[in-house]
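My entries follow in the order in which I looked.

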Protein chains: 2
Amino acid sequence: MEKRPTILVTNDDGYLAKGLKRLANLMRQFGKVVVVSTEQVKSAQGHSMTINEPLRLRQFEKTDDFEMYVLNGCPVDCAKVGFQMILDEYPDLLVSGINHGSNASTNVIYSGTMAAVIEACMDGIPAIGFSVEDYAFDANFDHADKYILDITKKVLDEGLPKGVCLNVNFPKFSEGNPIKGVKICRQAKARWKEIFDHRKDPHGRDYFWIGGEFIVEDDGTDTDVYALKNNYASIVPTHYDWTAYDVMNKFKSFEK
Amino acid sequence: MEKRPTILVTNDDGYLAKGLKRLANLMRQFGKVVVVSTEQVKSAQGHSMTINEPLRLRQFEKTDDFEMYVLNGCPVDCAKVGFQMILDEYPDLLVSGINHGSNASTNVIYSGTMAAVIEACMDGIPAIGFSVEDYAFDANFDHADKYILDITKKVLDEGLPKGVCLNVNFPKFSEGNPIKGVKICRQAKARWKEIFDHRKDPHGRDYFWIGGEFIVEDDGTDTDVYALKNNYASIVPTHYDWTAYDVMNKFKSFEK
């Protein structure tokens with residue numbers, strides 16, 4: 001009998017998140033599932049690692065085909081701890097999500113969900129991040145299930161090119177408006193314009209919160225933002241070599 | 001008289017770091033300097049933002065051509081706050097560093113230093129990260145000065161291509177071994193292999209620290225790691241479009 005794959009599941013919304021539980025349950029169709037979740041919400045923590053504080057790992061559940069652990073760290077820590085402390089060998093796949101909120105476009109840069117995926121990719125493990133454009137705690141993920149299963153099956157069967165992982169995003173659930181399909185996309189050009197909310201604490205001291213407005217500066221019809229807007233799921237093949245090869249020759253005059 | 005440029009200086013080693021002070025002082029040759037520093041050491045915090053805690057900003061110094069602020073956040077917060085709360089308009093340049101420790105190769109992915117640079121780049125501001133391969137609090141930066149001045153002047157004079165920033169690294173200072181020159185490089189393929197240090201706290205409970213060993217899996221002579229090893233400064237032109245364009249056609253079968 002063929003060995004069932006081991007799938008590591010993580011995300012950045014904390015261990016109580018609906019999306020995390022849903023993804024873990026979906027993955028049980030394919031093999032042994034090991035969940036390593038952040039204890040707290042760690043959204044927008046990018047590729048943060050916990051090196052200034054000690055880490056503690058708690059085991060929640062352990063059966064033959066399902067294990068769940070909670071770590072007081074970030075998604076990147078969860079991936080590292082999963083690979084090298086919990087499992088005896090690297091998993092066959094890492095999936096991160098289902099994230100409550102979009103990681104399309106330049107959101108990928110801030111994303112803890114995708115940081116865990118990129119960490120796996122650096123270790124040579126096939127990895128996929130799944131996110132839905134809905135920040136609500138009670139977000140509806142019904143429309144994403146079958147696409148998550150299809151994409152995961154394909155990656156388990158065929159693998160991924162070396163150094164490449166997938167950033168998969170779904171539009172927000174809309175009753176009577178099923179997703180039209182899946183598009184392979186490039187990351188749309190966009191940025192966050194900050195909005196600061198200034199307040200005074202009860203002691204009269206100033207503090208503020210960072211919020212922001214997402215500004216898309218890209219008219220392309222081949223982007224993830226465009227696909228989502230038109231009710232398609234988007235897949236951006238994503239890599240971690242950030243060298244800007246196309247302009248390297250412009251810098252020759254810097255050499256000496 | 002031509003307006004002198006405004007240069008925002010930040011980094012992730014905290015406001016007491018020698019490298020930050022050194023970079024700020026060097027930049028005073030070019031224009032008005034505004035330093036926005038993290039209060040604490042925020043190494044390996046990647047593109048982390050502070051959205052779960054309130055932020056507080058303190059002003060340390062303010063003269064006509066030099067201002068310094070300290071923020072209880074991450075380098076990305078420092079960039080955002082500098083651009084949109086402190087300055088009346090975007091600066092002409094953001095520089096981040098001088099970092100105590102290398103940001104070459106895949107270290108760029110974990111780097112707070114480079115996260116601030118990438119944040120600036122997303123806002124269309126020319127930006128450069130400077131790092132030296134020496135983690136010591138009292139690291140010697142003498143050998144880097146003239147290269148930092150040269151590279152900064154060139155970027156102030158000529159700008160940078162849209163969507164591209166620079167990741168500049170210097171080898172560790174070595175007496176009698178001046179840097180041989182500057183190489184334009186690609187980001188070397190490498191990864192961190194984790195080493196976990198398990199301990200018990202005074203209450204008998206388990207905790208652990210993440211450490212690691214950096215494993216370079218790249219024999220290329222065109223990489224930043226190779227340049228540094230051969231006592232050159234490395235410049236990697238870096239972008240924030242992580243789309244793996246070269247393999248996009250391999251994913252056509254995912255579309256539906």
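Predicted model: local features only at pLDDT ≥ 70, side-chain atom pairs only at ≥ 80, totals over all residues.

Entry 1, a charge pair in chain A. I started with A:Asp197, which is partly exposed at 34% relative accessibility (buried means under 20% relative accessible area, exposed over 50%, partly exposed in between, with a 1.4 Å probe and protein chains only). The side chain of A:Asp197 meets that of A:Arg199 in a salt bridge of 2.9 Å, N to O; the term stands for a side-chain nitrogen of Lys or Arg within 4 Å of a carboxyl oxygen of Asp or Glu. A:Arg199 is partly exposed as well, with a relative accessible area of 39%. I also noted a network in which A:Arg22, A:Asp142 and A:Asp145 are joined by salt bridges that share partners.

Residues are numbered from 1 along each chain as its sequence is written, chains are lettered from A and ligands numbered from 1 in the order in which they are written, and side-chain values use heavy atoms, with hydrogens and water left out.

I searched the whole structure and got 40 salt bridges over all chains. One of them pairs A:Glu39 with A:Arg58, with the closest N and O atoms 2.6 Å apart. A:Glu39 sits in the loop between strand E2 (32–38) and strand E3 (57–62) of chain A and A:Arg58 in strand E3, so this pair ties together parts that are 19 residues apart in sequence. Helices (H or I, at least four residues) and strands (E, at least two) are DSSP runs, numbered from the N terminus. Both ends are partly exposed, A:Glu39 at 31% relative accessibility and A:Arg58 at 37%.

Entry 4, salt bridges between chains. How many salt bridges are counted between chain A and chain B? The count is eight. I looked at A:Asp150 and B:Lys256, whose side chains meet at 2.6 Å, N to O. A:Asp150 lies in helix H5 (residues 145–158) of chain A and B:Lys256 in the segment after E11 of chain B, so the pair joins two chains. A:Asp150 is partly exposed at 33% relative accessibility, whereas B:Lys256 is exposed at 51%. I also noted the salt bridge of A:Arg56 with B:Asp201, with 3.0 Å between the closest N and O atoms.

I found 82 residues of chain A in contact with 82 residues of chain B, contact meaning heavy atoms within 4.5 Å. The buried area is about 7600 Å², and carbon and sulfur atoms give 63% of it; this is the accessible area (1.4 Å probe) that two parts lose on being put together, summed over both. Chain A can be laid on chain B with an RMSD of 0.0 Å by a turn of 180° and a shift of 0.0 Å along the axis. That is the relation of a two-fold axis. The superposition is by least squares on the C-alpha atoms of residues with pLDDT of at least 70 in both copies. Of the interface residues of chain A, 100% are also interface residues in chain B, so the copies meet through the same surface.

Is A:Arg191 buried or exposed? A:Arg191 counts as buried, at 14% relative accessibility. This residue is in strand E9 (residues 190–200) of chain A. Leaving out residues up to four places away in sequence, A:Arg191 touches, among others, A:Glu213, A:Glu217, B:Tyr90 and B:Asp123.

Most residues other than glycine have a negative phi, and most peptide bonds are trans. In chain A the peptide bond from A:Gly97 to A:Ile98 is cis, with omega near -15°, and A:Ile98 is in strand E5 (residues 93–100). In chain B the bond from B:Gly97 to B:Ile98 is also cis, with omega near -15°. A:Ser105 has a positive phi of about 55° although it is not a glycine, and it is buried at 1% relative accessibility. B:Asn231, not a glycine either, has a positive phi of about 65° and is buried at 15%.
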